[in-house]
Amino acid sequence: MSHPVAPVRHVLIEGNKTYHQISEDLCVPTERAPSREWILAFSVASAFTALYVFAVVWTIWKGIGEWGTNRTINWAWDITNFVWWIGIGHAGTLISAILLLFRQRWRTGVNRAAEAMTIFAVICAGQFPLIHMGRLWLAFFIFPFPNTRGPLWVNFNSPLLWDVFAISTYFSVSVLFWYTGLVPDLATVRDRAVGFRKKMYEIFSFGWTGAAKHWQRWESLSLILAGLSTPLVLSVHTIVSFDFATSVIPGWHTTIFPPYFVAGAIFSGFAMVQTLMVITRKVLNLQEYITINHIDSMNKVIVLTGTIVGVAYLTELFIAWYSGYIYEQFAFYNRVFGVYWWAYFGMMFCNVVSPQLFWSRRIRRSIWWTFFLSIVVNIGMWFERFVIIATTLARDYLPSSWSYYRPTWVEISIFSGTIGLFFFLFMIFTRVAPVVAIAEVKAILKVAGDQYIGPRARKEAQTVAPMATEKQEERN
Amino acid sequence: MSAENKKVLYGLYNDEEELKRAVKTAREAHLDIMDVYSPFPVHGLDPILGLRESRLHILGFVYGATGALFGFLFMSWALAKDWPILFGGKPYWPVPSFIPITFEMTVLFAAWGMTITFYTICGMWPGVKAKILDNRISDDKFCIAFDVTQAEQKAVLGLNDFFRKTGASEVHEKLL
């Protein structure tokens, strides 16, 4: 990293860190015994995970009839939760891939945790399409495999099948990207560990040595995986939106859905990253690596994507009116003033109004406001999916089949259970691997550390900063 | 294996700029560097060390193209040839419908292919025991290593001299 550093750059690593101090700070959370708070929180997450398992087994055992879905509203909480979780996953890929291509250095503080969050969110999301099929044991029918029925192939025209490919590709590529980035850091943990832990980390770090050629290939691989993940992440939510947009349901078959879904996904994803990071940086004592500047940057993304989502909501309403098509007009009138009006106004308030507070620098840089608003945004995005799915289906073509939907305890348990599962996985992750990318943070230390740039930079540190030495070498 | 029991002389530096200067000096003196190890990718090191650019991205393209072809041709064969079915009045060979899955297969093949290639050519797999010169290389030390298995006493002294001149904080010898 020997680019000249502009004086306006934010300090991204505080506390006058040395390379050794960085390893120390970031490895210690995996080495010390879990705190009492961690054990308590982990027990709660485990309890919810157990509830999730119970409710899913109940669903499979008794059938989908245990849910509140009916013949009219045949997609409800299941698909709402699916789209919500998939959307949350998007922020991780955005931070790790798109911001890498844009050379945004602040990503190094949060990318590892955000990618882990992506993987866990996709794990939670993937459950819903599978269990909502009803006969889970036949779920393998979704894959095109040679079979004794002809062989009869799957329908490659169907967006639901595109979804299968999109989500499985997304999941597996995210795991590769995340793990390959993690290998050098696992080697750092390995070299500090002794005994059984060392044995385990030897296996998981694949024999990483840090040789120059390996680093070169590692960087090349990371860059290309980022390049591949960038269109991939945009394609995933585009294809999820095709599940709706290619149907002939008024209120669903709109061409605005792909960009609107992608913006919403990034919006909710960043909100979830904020929720997690605000807690993680406090609990693991990482305030000097995930600084207020990081939180500020992410809040800017939230206000941008929240505004895009708001424009999309208003465009939808305008186009419905402008189309002159009464079914479309009814669908949107019903969405705003129909039986689920409260969900629509909840969505509007949480997604469009509340993030506008982030125009204020004071609120953007306040931990409490960030935490509070990140939760509000996540609630809002859940409402958005519910509004699109349930309100549209509740009033279909035949007034005689109009219906209302209420979740049963089974659906509530599955949903709250996946939140438990998400935190369960994330908390295990914070115990076994460094939450911040150690090697990447070290690589930007000299252009983002507070002893090199910013108001408190030391003179003697600046003389060894890469810019100065590089210039000197050129002169020699 | 012949690679085993190499005698390695290595020096540790405290800063990547010192490392780069030392590598430059070594190359100018035509010293045969075995390898350079660092806790993070040191930018600007590769040209000084004389490493060619990685060709991994070319393979990435090949894997991606394979995936795209495989996905597209398989779907075409399945729907147009093996069992033609009309779906909603669309043609038997609905090319636009194949775009999403073709794209996903491109990404899937490229990502998996490149990652597997990366680990294979680096000789890294679960269970491979890393040949580590010093535990602090993954922490805060930058290392230049010379293979001195065949070297004469005089050459080794010369290398020690090189390390001292270029500001290495420590110099050690180890059987690898």
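Select B:His30 to start: this residue sits in the loop between α1 (16-28) and β2 of chain B. Helices (H or I, at least four residues) and strands (E, at least two) are DSSP runs, numbered from the N terminus. Look at the backbone here. The phi of B:His30 is near 60°, a positive value in a residue other than glycine. Is B:His30 buried or exposed? B:His30 is exposed, because 6 other C-beta atoms lie within 10 Å. The cut-offs run like this: buried means 20 or more other C-beta atoms within 10 Å of the residue's own, exposed means 12 or fewer, and partly exposed lies in between, with C-beta atoms placed from the backbone.

A word on the model before moving on. It is predicted, so local features need pLDDT of at least 70 and side-chain atom pairs count only at pLDDT 80 or more, while totals for chains, interfaces and linings use all residues. Residues are numbered from 1 along each chain as its sequence is written, and chains are lettered from A and ligands numbered from 1 in the order in which they are written.

**Stop 1: all of chain B**

Select chain B. Count 5 helices and 4 strands. Along the sequence, the pattern reads β-α-β-α-α-α-β-α-β. The C-alpha trace spans about 80 × 35 × 30 Å along its principal axes. A compact globule of 176 residues would have a radius of gyration near 16 Å, but chain B has 25 Å. That radius is taken over C-alpha atoms, and the globule rule is 2.2 Å times the number of residues to the power 0.38. Of the 176 residues in chain B, 36% count as buried.

Now colour chain B by domain. Domain 1 covers 7-52 + 128-175, and domain 2 covers 56-121. These bounds come from an automatic or database domain assignment. How far apart do the C-alpha centres of the two domains of chain B lie? The distance between them is 45 Å.

**Stop 2: the sheet of chain B**

Show the strands of chain B. They form an open sheet of 4 strands in the order β2-β3-β1-β4, with antiparallel pairing. Two strands pair if DSSP finds at least two bridges between them. Strands of a sheet pair through backbone hydrogen bonds, either parallel or antiparallel.

Which strands are at the edges? They are β2 and β4 (170-175) of chain B, and each pairs on one side only. From one strand to the next, the twist averages 25°.

Zoom in on β1 (residues 7-13) of chain B. This strand is joined to β4(B) by 6 bridges, and the two run antiparallel. Pick B:Lys7 and find its bridge partner in β4(B): B:Leu175.

Axes are lines fitted to C-alpha atoms, for helices over the stretch in contact, and angles run from 0 to 180 degrees between N-to-C directions.

**Stop 3: where the chains meet**

Show both chains. The contact takes 56 residues from chain B and 53 residues from chain A. Two residues are in contact if their C-beta atoms, placed from the backbone, lie within 7 Å.

On the chain B side, the elements giving two or more residues are β2 (33-37), α2 (45-49), α3 (56-82) and α4 (95-121). Which element gives the largest share of that side? The answer is α4(B), with 15 residues. By class, the chain B side has 35 nonpolar, 11 polar and 10 charged residues. Ala, Val, Leu, Ile, Met, Phe, Trp, Tyr, Cys and Pro count as nonpolar, Asp, Glu, Lys and Arg as charged, and the others, Gly among them, as polar.

**Stop 4: chain A**

Chain A has 17 helices and 0 strands. Its C-alpha trace spans about 85 × 50 × 45 Å along the principal axes. With 476 residues, a compact globule would have a radius of gyration near 23 Å; chain A has 24 Å, which agrees. Of these 476 residues, 50% count as buried.

Pick A:Asn74, in the loop between α2 (36-62) and α3 (77-101) of chain A. A:Asn74 counts as partly exposed because it has 15 C-beta neighbours inside 10 Å. Leaving aside neighbours within four places in sequence, A:Asn74 is in contact with A:Thr69 and A:Leu393. A:Asn74 and A:Leu393 are 319 residues apart in sequence, yet 7.8 Å apart in space, C-alpha to C-alpha.

Finish at A:Asn285, in the loop between α8 (257-283) and α9 (292-323) of chain A. A:Asn285 has a positive phi of about 60° although it is not a glycine. A:Asn285 counts as exposed, with 12 C-beta neighbours inside 10 Å.
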